[in-house]
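Me: I've got a model open and want to go through a few bits of it. Can we start with the cavities?

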Amino acid sequence: MRYFIGIDSSTTATKALLLAETGAVVGVAASSYDYETPEPLWSEQRPELWWTATANSIQQLLAESGVAGTAVAAIGLTGQMHGLVLLDKKGEVLCPAILWNDQRTGAECDEMRALIGKQRLIDITSNDALTGFTAPKILWVKKHEPEIYGRIAHILLPKDYVRYKLTDGFATDKAGAAGSQLFDVRQRDWSAEVVSKLGIDPTWLPKTFEGTAVTGQLTPQAAELTGLPAGIPVMAGGGDQAANAVGTGAVVDGVVALSLGTSGVVFASSDVPIVEPNGRLHAFCHAVPGKWHLMGVMLSAAGSLRWYRDAFSPEEDFDTLLAPAAHIPAGCEGLLFLPYLTGERTPHPDPLARGGFIGLTVRHGQPHLTRSVLEGVAFGLRDSLELMRGTGLANITQIRASGGGLRSPLWRQILADVLQAEIVTVNSTEGAAYGAAVLALVGTGVFNSVEAACVELVKVTGKTEPGGDTAVYNQQYRLYQQLYPALKQTFTALSGF
């Protein structure tokens with residue numbers, strides 16, 4: 001029996017998953033860490049944390065599973081997207097990584113639009129400039145940290161720093177690189193035009209690979225630290241959402257992946273590159289070779305429910321908190337919740353957007369507020385789905401859902417009713433890490449394609465069909481859509497306090 005490891009370096013922990021070639025998950029281990037917010041709107045992390053956590057998680061995984069390291073055939077990588085990691089010519093880290101949720105680069109996004117032209121930028125990179133992306137972070141360092149900028153020799157994404165520590169080589173996957181906004185998404189490689197107009201040295205950028213390709217071999221030093229054999233291949237893998245789509249089987253047209261974690265993601269695969277004309281959806285390369293995807297991101301999905309619980313009922317578990325909400329009618333008797341607690345990305349790329357309860361009356365009790373949070377998040381996810389349908393992806397037959405929020409039957413039903421689609425769960429509960437391991441498995445030839453592997457390995461475990469509340473939610477959603485335009489100026493003014 002051969003085994004494959006998927007490594008997922010997220011914002012809060014690095015997870016290692018051990019997958020048998022039969023598709024069975026043999027074990028999972030994780031090592032957690034924190035990130036820092038040294039200034040308002042900033043979010044940073046020390047890259048060394050990812051590598052230490054990777055080595056620790058692999059060691060723990062092997063020890064707890066009882067599988068010998070010599071039985072591991074390959075490693076696949078995934079992790080948080082868009083983060084900026086800067087190394088000098090010796091491969092030493094120059095400064096803390098600037099993460100995907102950092103919001104300091106508003107002026108640099110405007111600079112990119114001025115240098116390239118907004119429409120031209122969308123034409124090439126398939127996305128409008130966004131504070132979360134990598135490119136504006138590079139411009140910020142150039143402007144505010146010129147001493148560091150002058151010492152740059154390599155630019156990496158977070159998981160690719162882990163790759164460097166594993167293989168001593170510089171490489172990235174096409175799905176992750178597409179989220180840098182330095183990429184020609186249609187041509188699946190770095191854009192010479194964008195890189196040149198932003199004044200970035202192209203030699204700083206690593207070579208790009210399809211998700212199942214070999215990018216290097218495990219070095220003797222990394223082998224000693226992890227307990228794995230030197231020389232095993234490390235595959236390109238993919239950004240966390242593309243890898244999660246592989247892990248849930250969202251690799252063909254018509255099947256959408258929905259991730260309901262701290263943030264919320266709606267992800268649709270496509271055989272051809274599709275761009276939302278105004279850049280309101282992210283359009284990236286898929287981790288599946290030769291495919292693309294559209295993605296909508298809301299910043300506070302299950303994070304909204306966690307905030308609500310922590311603020312108003314910190315002693316209750318989620319099951320206890322949600323139980324009374326099941327008896328409240330759809331629409332919460334005229335109450336809406338805006339989930340913009342940490343700004344928003346899709347469809348309103350606005351770091352100053354704010355949350356709120358709209359429509360409160362004396363008739364509303366805590367169960368109404370609880371249910372309105374669930375409904376508000378569902379409406380936010382529908383924003384992304386509606387944009388996707390508007391691009392021509394109208395044949396959405398199934399939504400494959402993952403994430404902690406999906407444990408609630410009530411929330412699953414609300415999502416099915418609001419999104420007007422069948423919500424299914426699958427056997428691969430560790431979506432991104434599982435997907436990274438599947439990419440490694442395919443890359444070694446166990447299956448001849450990612451699609452074939454997903455058919456064989458990813459199985460549906462539960463279904464929730466739309467019920468009788470779709471008409472109510474259609475009416476509520478139209479009102480929800482009116483709130484952000486009506487309140488945008490108020491949000492901006494409030495941010496000054």
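**Cavities, a helix pair and one alanine**

Reply: In this predicted model, β18 (282-285) and β19 (292-298) each supply at least two residues of the lining of the second largest cavity.

Me: Which strand gives the most to that lining?

Reply: β19 does, with 3 residues.

Me: And which residues line the second largest cavity overall?

Reply: The lining consists of Ser126, Val185, Ser270, Val272, Pro273, Ile274, Ala283, Phe284, Trp292, His293 and Leu294. By class there are 8 nonpolar and 3 polar residues, with no charged ones.

Me: What volume does the second largest cavity have?

Reply: About 50 Å³.

Me: Back up a step. How many cavities of 30 Å³ or more are there in the whole structure?

Reply: The search finds 2.

Me: What lines the largest cavity?

Reply: Its lining is made of Thr134, Ile155, Leu156, Leu157, Asp160, Thr172, Ala177, Ser180, Leu182, Trp190, Leu205 and Pro206.

Me: How does the lining of the largest cavity split by class?

Reply: Into 8 nonpolar, 3 polar and 1 charged.

Me: OK, helices now. At what angle do α2 and α4 pack?

Reply: Helix α2 (residues 106-116) and helix α4 (residues 134-144) pack at about 105°, and their axes are 9 Å apart.

Me: What do you call the arrangement of α2 and α4, roughly parallel or roughly perpendicular?

Reply: Roughly perpendicular, because an angle from 65 to 115 degrees counts as that.

Me: Which residues meet there, α2 side and α4 side?

Reply: From α2, the residues are Ala107, Glu108, Cys109, Glu111 and Met112. They meet Ala135, Pro136, Leu139, Trp140, Lys143 and His144 in α4.

Me: And by class, how do the residues of the contact of α2 with α4 divide?

Reply: There are 7 nonpolar, 1 polar and 3 charged residues in that contact.

Me: Different topic. Where is Ala486 found?

Reply: Ala486 is in helix α17, which covers residues 470-494.

Me: Is Ala486 buried or exposed?

Reply: Exposed, because its relative accessible area is 58% and the cut-off for exposed is over 50%.

Me: What separation is there between the C-alpha atoms of Ala486 and Leu294?

Reply: The two C-alpha atoms are 28 Å apart, and the residues lie 192 residues apart along the chain. Leu294 is one of the residues lining the second largest cavity.

Key. Residues are numbered from 1 along each chain as its sequence is written. This is a predicted model: local features need pLDDT of at least 70, side-chain atom pairs count only at pLDDT 80 or more; totals for chains, interfaces and linings use all residues. Side-chain values use heavy atoms; hydrogens and water are left out. Axes are lines fitted to C-alpha atoms, for helices over the stretch in contact, and angles run from 0 to 180 degrees between N-to-C directions. Helices (H or I, at least four residues) and strands (E, at least two) are DSSP runs, numbered from the N terminus. Angles under 35 degrees count as roughly parallel, over 145 as roughly antiparallel, 65 to 115 as roughly perpendicular and the rest as oblique. Contact means heavy atoms within 4.5 Å. Ala, Val, Leu, Ile, Met, Phe, Trp, Tyr, Cys and Pro count as nonpolar, Asp, Glu, Lys and Arg as charged, and the others, Gly among them, as polar. On a 1 Å grid over the protein atoms alone, a cavity is a set of points where a 1.4 Å probe fits but cannot get out, and a pocket is an open set with protein on both sides within 12 Å along at least five of seven lines; lining residues have an atom within 4 Å of a point. Grid points are joined across faces, edges and corners, and a volume is the space filled by probe spheres set on the points. Buried means under 20% relative accessible area, exposed over 50%, partly exposed in between (1.4 Å probe, protein chains only).
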